[in-house]
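Subject: Structure handover

Hello,

Here is the structure I promised to pass on to you. Please open it first, and then read my notes below alongside it.

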Amino acid sequence: MDVHLPAGGGASAGGGPFAVAVLLDGEMWGEVLSVGDTLDNLAADGAIPPTVALLVHTMGPCRPDDLSCNPAFVDLLADRLLPWAAAEFGTTTDPAGTVIAGQSAGGLTAAFAAFRRPDRFGGALCQSGSFWWPDETEFDEGSEWLTRQFAREQRREARFYVEVGLQEWMLLPQNRHLRDVLTARGYDLAYREFNGGHDYACWRGGLADGLAHLLGRA
């Protein structure tokens with residue numbers, strides 16, 4: 001995992017409490033895409049408050065298990081990672097100032113985190129989420145498990161930014177279904193369809209927009 005601190009540093013510099021963004025696939029966002037520059041620019045423009053980014057590495061061999069509506073993984077983030085960040089860097093403990101973001105299976109996991117632990121994750125940024133999960137052959141209940149949980153269970157106090165590409169024909173129907181369910185249940189939802197596919201060239205701009213939407217009021 002990597003950490004990006006806002007300009008001026010963390011708690012040791014007398015700042016905080018800071019908003020916090022948990023970014024799944026952090027090795028891509030940090031080492032390749034330099035998301036820290038994006039965060040610094042957003043903060044400088046006043047689009048988001050000073051924000052600590054926790055770049056969680058999830059692109060290794062454990063990815064299929066971790067990013068599949070895994071309660072243990074989400075609880076690890078909620079009960080160990082976030083308290084550690086609060087102690088080390090002065091991040092907020094308020095879920096309204098805490099966003100989890102992911103793409104593809106990470107988008108599914110971000111939504112699941114807000115569903116399972118809205119006490120810690122008040123905002124979910126879901127880009128091209130794999131809401132078809134699980135494959136209908138895995139469980140008797142069939143696919144789109146998480147969407148059905150949102151339809152069945154009590155509404156959580158969480159906000160969502162969901163986007164999907166018009167060229168993602170394997171994901172578009174399921175993302176639209178989730179949109180309809182969240183809307184029907186009265187969730188605070190921003191939904192966007194972009195003219196693109198399943199790649200970081202599209203997600204990079206959407207991440208900035210989603211963070212501004214979810215953290216702009218933090």
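Strands here are DSSP runs of E with at least two residues, helices are runs of H or I with at least four, and both are numbered from the N terminus. Two strands count as paired if DSSP finds at least two bridges between them.

A word on the basis of all this: the model is predicted, so local features need pLDDT of at least 70 and side-chain atom pairs count only at pLDDT 80 or more, while totals for chains, interfaces and linings use all residues. Residues are numbered from 1 along each chain as its sequence is written, and side-chain values use heavy atoms, with hydrogens and water left out.

The overall picture

The protein chain comes to 8 helices and 7 strands. Its radius of gyration is 16 Å, close to the 17 Å that the globule rule gives for 218 residues, so the chain is as compact as a globular protein of that length. That radius is taken over C-alpha atoms, and the rule is 2.2 Å times the number of residues to the power 0.38. Buried residues make up 53% of the 218 residues, where buried means under 20% relative accessible area, exposed over 50%, and partly exposed in between (1.4 Å probe, protein chains only).

The sheet

In what order do the strands of the open sheet lie? The order of the 7 strands is β1-β3-β2-β4-β5-β6-β7, with mixed pairing. β1 (2-4) and β7 (188-194) stand at the edges with a single partner strand each, so one side of each is left without a neighbour in the sheet.

β1 and β3 pair in the antiparallel sense over 3 bridges, with His4 opposite Ala53 in β3. β2 and β3 run parallel and are joined by 6 bridges; there, Val22 has Leu54 in β3 as its bridge partner. In a regular strand the side chains alternate between the two faces of the sheet. In β3, Thr51, Ala53 and Leu55 point one way and Val52, Leu54 and Val56 the other, and all are buried.

Helix α2 (residues 35-44) lies across β1, β2 (19-24) and β3 (51-56), running at about 25° to β1. Axes are lines fitted to C-alpha atoms, for helices over the stretch in contact, and angles run from 0 to 180 degrees between N-to-C directions. Contact means heavy atoms within 4.5 Å.

The cores

A nonpolar core is a set of buried Ala, Val, Leu, Ile, Met, Phe, Trp, Tyr and Cys residues joined through side-chain atoms within 4.5 Å. Of the 40 residues in the largest one, Val22, Phe121, Leu146, Phe150 and Phe160 touch the most other members. A second, separate core of 25 residues includes Ile48, Ala101, Leu207 and Leu214. Leaving aside neighbours within four places in sequence, the contacts of Val22 include Leu54, Val56, Leu81 and Phe121.

One last residue

Is Ser130 buried or exposed? At 6% relative accessibility, Ser130 counts as buried. Ser130 sits in the loop between β5 and α6. Not counting residues up to four places away in sequence, Ser130 touches Ser104, Ala105, Leu108 and Leu171.

Best wishes
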